[in-house]
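Subject: A structure for you to explore

Hello,

Here is the structure I promised to pass on to you. Please open it beside this email and follow along as you read.

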Amino acid sequence: MVHFLHLLDIQATLVNRLPSNLDSQRDIVRQQFMAPLIGYEIAYRNILRMSPYAFALLCQKLRGTGILKDYRRVTVEEQVVKFLHVLGQKFHTRALGFYFHRSGETISRHFHNVLRAVISLEGELFKQPTDSEVPLEIQNSQRFYHYFKDCIGAIDRTHIRVKVPKEQAARFRGRKEWPTQNVLAACSFDMKFTYVLPGWEGTASDSRILKNVLTREDRLLIPQGKYN
(Lines give C-alpha, C1' and ligand atoms only; values in the text may rest on other atoms or scores of the structure.)
Protein backbone atom coordinates (compact mmCIF):
# COMPACT_ATOMS: atom_id res chain seq x y z
CA MET A 1 0.00 0.00 0.00
CA VAL A 2 2.83 2.42 0.88
CA HIS A 3 4.40 1.57 -2.49
CA PHE A 4 1.23 2.59 -4.34
CA LEU A 5 0.71 5.77 -2.28
CA HIS A 6 4.27 6.74 -3.16
CA LEU A 7 3.47 6.16 -6.82
CA LEU A 8 0.37 8.37 -6.60
CA ASP A 9 2.56 11.17 -5.28
CA ILE A 10 4.95 10.69 -8.19
CA GLN A 11 2.06 10.76 -10.64
CA ALA A 12 0.68 13.99 -9.18
CA THR A 13 4.10 15.63 -9.55
CA LEU A 14 4.42 14.50 -13.14
CA VAL A 15 0.96 15.71 -14.04
CA ASN A 16 1.85 19.16 -12.74
CA ARG A 17 4.96 19.22 -14.90
CA LEU A 18 3.16 17.89 -18.02
CA PRO A 19 6.07 16.99 -20.34
CA SER A 20 5.47 17.86 -23.94
CA ASN A 21 5.76 14.23 -24.97
CA LEU A 22 2.96 12.18 -23.38
CA ASP A 23 4.71 8.88 -24.14
CA SER A 24 7.81 10.09 -22.32
CA GLN A 25 5.68 11.03 -19.32
CA ARG A 26 4.16 7.55 -19.20
CA ASP A 27 7.57 5.90 -19.55
CA ILE A 28 8.79 7.88 -16.53
CA VAL A 29 5.80 6.74 -14.46
CA ARG A 30 6.42 3.08 -15.38
CA GLN A 31 10.09 3.39 -14.45
CA GLN A 32 9.15 4.98 -11.14
CA PHE A 33 6.70 2.14 -10.51
CA MET A 34 9.37 -0.50 -11.11
CA ALA A 35 12.19 1.30 -9.29
CA PRO A 36 11.17 0.45 -5.67
CA LEU A 37 11.33 -3.26 -6.51
CA ILE A 38 14.87 -3.24 -7.86
CA GLY A 39 17.38 -4.35 -5.25
CA TYR A 40 14.88 -4.66 -2.38
CA GLU A 41 14.25 -8.28 -1.42
CA ILE A 42 11.46 -7.45 1.02
CA ALA A 43 9.58 -5.56 -1.69
CA TYR A 44 10.00 -8.49 -4.08
CA ARG A 45 8.61 -10.95 -1.54
CA ASN A 46 5.76 -8.70 -0.39
CA ILE A 47 4.64 -7.56 -3.83
CA LEU A 48 5.73 -10.33 -6.23
CA ARG A 49 5.71 -13.25 -3.75
CA MET A 50 9.22 -14.39 -4.68
CA SER A 51 12.88 -13.51 -4.17
CA PRO A 52 14.80 -11.27 -6.63
CA TYR A 53 16.81 -14.33 -7.76
CA ALA A 54 13.65 -16.35 -8.43
CA PHE A 55 12.14 -13.41 -10.33
CA ALA A 56 15.26 -13.02 -12.50
CA LEU A 57 15.34 -16.77 -13.18
CA LEU A 58 11.64 -16.78 -14.09
CA CYS A 59 12.11 -13.89 -16.52
CA GLN A 60 15.12 -15.63 -18.06
CA LYS A 61 13.16 -18.84 -18.61
CA LEU A 62 10.14 -17.03 -20.03
CA ARG A 63 12.31 -14.93 -22.34
CA GLY A 64 14.00 -18.15 -23.50
CA THR A 65 10.70 -19.58 -24.75
CA GLY A 66 10.66 -17.01 -27.55
CA ILE A 67 6.98 -16.36 -26.79
CA LEU A 68 7.56 -13.52 -24.32
CA LYS A 69 9.66 -10.73 -25.82
CA ASP A 70 11.01 -7.27 -25.05
CA TYR A 71 9.40 -4.50 -27.08
CA ARG A 72 10.29 -0.88 -27.62
CA ARG A 73 8.16 0.40 -24.75
CA VAL A 74 7.79 -2.67 -22.53
CA THR A 75 10.26 -5.21 -21.19
CA VAL A 76 9.74 -8.83 -20.26
CA GLU A 77 10.26 -7.87 -16.62
CA GLU A 78 7.41 -5.34 -16.69
CA GLN A 79 5.04 -7.86 -18.26
CA VAL A 80 5.93 -10.47 -15.64
CA VAL A 81 5.45 -7.93 -12.82
CA LYS A 82 1.90 -7.26 -14.09
CA PHE A 83 1.24 -10.99 -14.32
CA LEU A 84 2.40 -11.55 -10.73
CA HIS A 85 0.35 -8.61 -9.47
CA VAL A 86 -2.78 -10.26 -10.86
CA LEU A 87 -1.93 -13.67 -9.38
CA GLY A 88 -0.41 -12.62 -6.07
CA GLN A 89 -2.28 -9.41 -5.25
CA LYS A 90 -5.58 -10.01 -7.10
CA PHE A 91 -5.19 -6.80 -9.06
CA HIS A 92 -7.78 -5.95 -11.68
CA THR A 93 -6.90 -4.93 -15.22
CA ARG A 94 -8.18 -1.39 -14.73
CA ALA A 95 -6.11 -0.91 -11.55
CA LEU A 96 -2.90 -2.06 -13.26
CA GLY A 97 -3.76 0.08 -16.27
CA PHE A 98 -3.94 3.11 -13.97
CA TYR A 99 -0.60 2.46 -12.26
CA PHE A 100 1.26 1.56 -15.45
CA HIS A 101 -0.50 4.11 -17.69
CA ARG A 102 -1.60 1.37 -20.05
CA SER A 103 -4.96 0.61 -21.60
CA GLY A 104 -6.96 -2.35 -20.32
CA GLU A 105 -6.41 -4.07 -23.66
CA THR A 106 -2.63 -3.69 -23.31
CA ILE A 107 -2.61 -5.02 -19.74
CA SER A 108 -4.70 -8.02 -20.82
CA ARG A 109 -2.41 -8.68 -23.80
CA HIS A 110 0.71 -8.57 -21.62
CA PHE A 111 -0.90 -10.91 -19.07
CA HIS A 112 -1.76 -13.46 -21.76
CA ASN A 113 1.72 -13.14 -23.29
CA VAL A 114 3.19 -14.28 -19.96
CA LEU A 115 0.50 -16.93 -19.50
CA ARG A 116 1.25 -18.51 -22.89
CA ALA A 117 4.97 -18.55 -22.08
CA VAL A 118 4.32 -20.20 -18.71
CA ILE A 119 2.09 -22.85 -20.29
CA SER A 120 4.82 -23.63 -22.84
CA LEU A 121 7.09 -24.62 -19.92
CA GLU A 122 4.70 -27.36 -18.80
CA GLY A 123 7.06 -30.16 -19.81
CA GLU A 124 9.90 -28.61 -17.80
CA LEU A 125 7.94 -27.54 -14.73
CA PHE A 126 5.71 -30.60 -14.34
CA LYS A 127 7.71 -33.82 -14.18
CA GLN A 128 5.84 -36.97 -13.22
CA PRO A 129 7.74 -39.78 -11.46
CA THR A 130 8.70 -42.50 -13.93
CA ASP A 131 10.97 -44.79 -11.92
CA SER A 132 10.77 -47.01 -8.85
CA GLU A 133 13.27 -45.11 -6.67
CA VAL A 134 12.16 -44.16 -3.16
CA PRO A 135 11.96 -40.35 -2.72
CA LEU A 136 14.91 -39.04 -0.71
CA GLU A 137 12.55 -37.41 1.78
CA ILE A 138 11.20 -40.88 2.62
CA GLN A 139 14.42 -42.83 2.15
CA ASN A 140 16.21 -40.67 4.72
CA SER A 141 13.43 -40.85 7.30
CA GLN A 142 13.37 -43.72 9.77
CA ARG A 143 9.94 -42.58 10.89
CA PHE A 144 8.22 -42.73 7.49
CA TYR A 145 10.26 -45.20 5.39
CA HIS A 146 8.46 -48.34 6.55
CA TYR A 147 5.04 -46.88 5.77
CA PHE A 148 5.64 -44.74 2.69
CA LYS A 149 8.54 -46.39 0.80
CA ASP A 150 6.18 -47.16 -2.11
CA CYS A 151 4.43 -43.78 -2.06
CA ILE A 152 5.48 -41.25 -4.71
CA GLY A 153 3.48 -38.25 -3.51
CA ALA A 154 0.08 -36.94 -2.56
CA ILE A 155 -3.15 -36.18 -4.43
CA ASP A 156 -5.71 -33.62 -3.37
CA ARG A 157 -8.34 -31.43 -4.92
CA THR A 158 -9.47 -27.89 -4.36
CA HIS A 159 -12.31 -25.67 -5.53
CA ILE A 160 -11.20 -22.53 -7.38
CA ARG A 161 -13.68 -19.74 -7.99
CA VAL A 162 -14.45 -19.06 -11.66
CA LYS A 163 -16.63 -16.77 -13.74
CA VAL A 164 -18.81 -18.61 -16.26
CA PRO A 165 -21.84 -17.71 -18.44
CA LYS A 166 -25.07 -17.50 -16.45
CA GLU A 167 -26.60 -20.49 -18.26
CA GLN A 168 -23.67 -22.70 -17.14
CA ALA A 169 -23.41 -21.44 -13.55
CA ALA A 170 -25.57 -24.22 -12.05
CA ARG A 171 -23.09 -26.90 -13.25
CA PHE A 172 -20.21 -25.13 -11.53
CA ARG A 173 -21.99 -24.29 -8.27
CA GLY A 174 -21.39 -27.30 -6.03
CA ARG A 175 -20.19 -27.11 -2.43
CA LYS A 176 -19.70 -23.35 -2.58
CA GLU A 177 -22.20 -20.55 -2.97
CA TRP A 178 -20.42 -19.38 -6.12
CA PRO A 179 -19.28 -21.19 -9.32
CA THR A 180 -16.03 -23.14 -8.96
CA GLN A 181 -13.81 -25.60 -10.79
CA ASN A 182 -12.95 -28.81 -8.97
CA VAL A 183 -9.19 -28.97 -9.58
CA LEU A 184 -7.13 -32.11 -8.90
CA ALA A 185 -3.40 -31.80 -8.19
CA ALA A 186 -0.56 -34.17 -7.33
CA CYS A 187 2.71 -33.20 -5.69
CA SER A 188 5.92 -34.94 -4.71
CA PHE A 189 7.51 -35.05 -1.25
CA ASP A 190 9.77 -32.11 -2.10
CA MET A 191 6.63 -29.94 -2.44
CA LYS A 192 6.68 -29.71 -6.23
CA PHE A 193 3.57 -30.11 -8.35
CA THR A 194 3.82 -33.09 -10.69
CA TYR A 195 0.33 -33.01 -12.19
CA VAL A 196 -2.62 -30.59 -12.29
CA LEU A 197 -6.01 -31.15 -13.92
CA PRO A 198 -8.30 -28.08 -14.00
CA GLY A 199 -11.59 -27.67 -15.83
CA TRP A 200 -14.05 -29.93 -14.05
CA GLU A 201 -17.28 -28.33 -12.85
CA GLY A 202 -17.73 -27.69 -9.15
CA THR A 203 -20.55 -30.26 -9.06
CA ALA A 204 -18.28 -33.07 -10.33
CA SER A 205 -17.52 -35.72 -7.70
CA ASP A 206 -13.95 -36.50 -6.67
CA SER A 207 -14.33 -40.16 -7.73
CA ARG A 208 -15.43 -39.13 -11.22
CA ILE A 209 -12.45 -36.82 -11.61
CA LEU A 210 -10.03 -39.47 -10.30
CA LYS A 211 -11.39 -42.04 -12.78
CA ASN A 212 -10.90 -39.56 -15.61
CA VAL A 213 -7.38 -38.60 -14.52
CA LEU A 214 -6.27 -42.26 -14.64
CA THR A 215 -7.73 -43.02 -18.08
CA ARG A 216 -7.36 -39.83 -20.15
CA GLU A 217 -4.62 -39.47 -22.77
CA ASP A 218 -2.53 -37.07 -20.64
CA ARG A 219 -3.18 -39.12 -17.52
CA LEU A 220 -1.56 -39.16 -14.11
CA LEU A 221 1.36 -41.61 -14.23
CA ILE A 222 1.84 -44.04 -11.35
CA PRO A 223 4.78 -46.49 -11.74
CA GLN A 224 4.11 -50.19 -11.23
CA GLY A 225 4.01 -51.10 -7.54
CA LYS A 226 3.72 -47.47 -6.42
CA TYR A 227 0.83 -45.38 -5.20
CA ASN A 228 -0.15 -41.77 -4.53
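Below is what I found, going from the whole protein down to single residues.

First, how to read it: this is a predicted model, where local features need pLDDT of at least 70, side-chain atom pairs count only at pLDDT 80 or more, and totals for chains, interfaces and linings use all residues. Residues are numbered from 1 along each chain as its sequence is written, and side-chain values use heavy atoms, with hydrogens and water left out.

**The whole protein**

The protein has 12 helices and 3 strands. These are DSSP runs, numbered from the N terminus: H or I of at least four residues for helices, E of at least two for strands. Of the 228 residues, 33% are buried (buried is under 20% relative accessible area, exposed over 50%, partly exposed in between, with a 1.4 Å probe and protein chains only). Among contacts (heavy atoms within 4.5 Å) with a separation of 6 or more, 53% join residues 24 or more positions apart.

**The cores**

A nonpolar core is a set of buried Ala, Val, Leu, Ile, Met, Phe, Trp, Tyr and Cys residues joined through side-chain atoms within 4.5 Å. The largest one has 22 residues, and Leu48, Phe55 and Val114 are among those with the most contacts inside it. Helices H3, H4, H5, H6 and H7 each supply at least two of its residues, and H5 gives the largest share, with 5. A second, separate core has 9 residues, including Tyr195 and Trp200.

**Helix H3**

Which residues of H3 (residues 41-48) are buried? They are Ala43, Tyr44, Ile47 and Leu48. Seen down the helix axis, these fall within an arc of 100 degrees, so they line one face of H3 (the arc is that of the directions from the helix axis to the C-beta atoms). Just after H3, arginine 49 has a positive phi of about 65 degrees.

**Helices H6 and H7**

H6 (residues 93-100) packs against H7 (residues 104-120) at about 105 degrees, with the axes 8 Å apart. Here axes are lines fitted to C-alpha atoms, for helices over the stretch in contact, and angles run from 0 to 180 degrees between N-to-C directions. The two helices are therefore roughly perpendicular (65 to 115 degrees; under 35 is roughly parallel, over 145 roughly antiparallel and the rest oblique). Thr93, Leu96 and Gly97 of H6 meet Gly104, Ile107 and Ser108 of H7. In the loop between these helices lies histidine 101, which has a positive phi of about 55 degrees although it is not a glycine. With a relative accessible area of 24%, histidine 101 is partly exposed.

**Two loop residues to look up**

Lysine 90 sits in the loop between H5 and H6. Its phi is also positive, near 60 degrees, and lysine 90 is exposed, at 70% relative accessible area.

Cysteine 151 is in the loop between helix H10 (145-148) and strand S1 (154-161). At 4% relative accessibility, cysteine 151 counts as buried. Leaving aside neighbours within four places in sequence, cysteine 151 is in contact with Pro135, Phe189, Tyr227 and Asn228.

Happy exploring!
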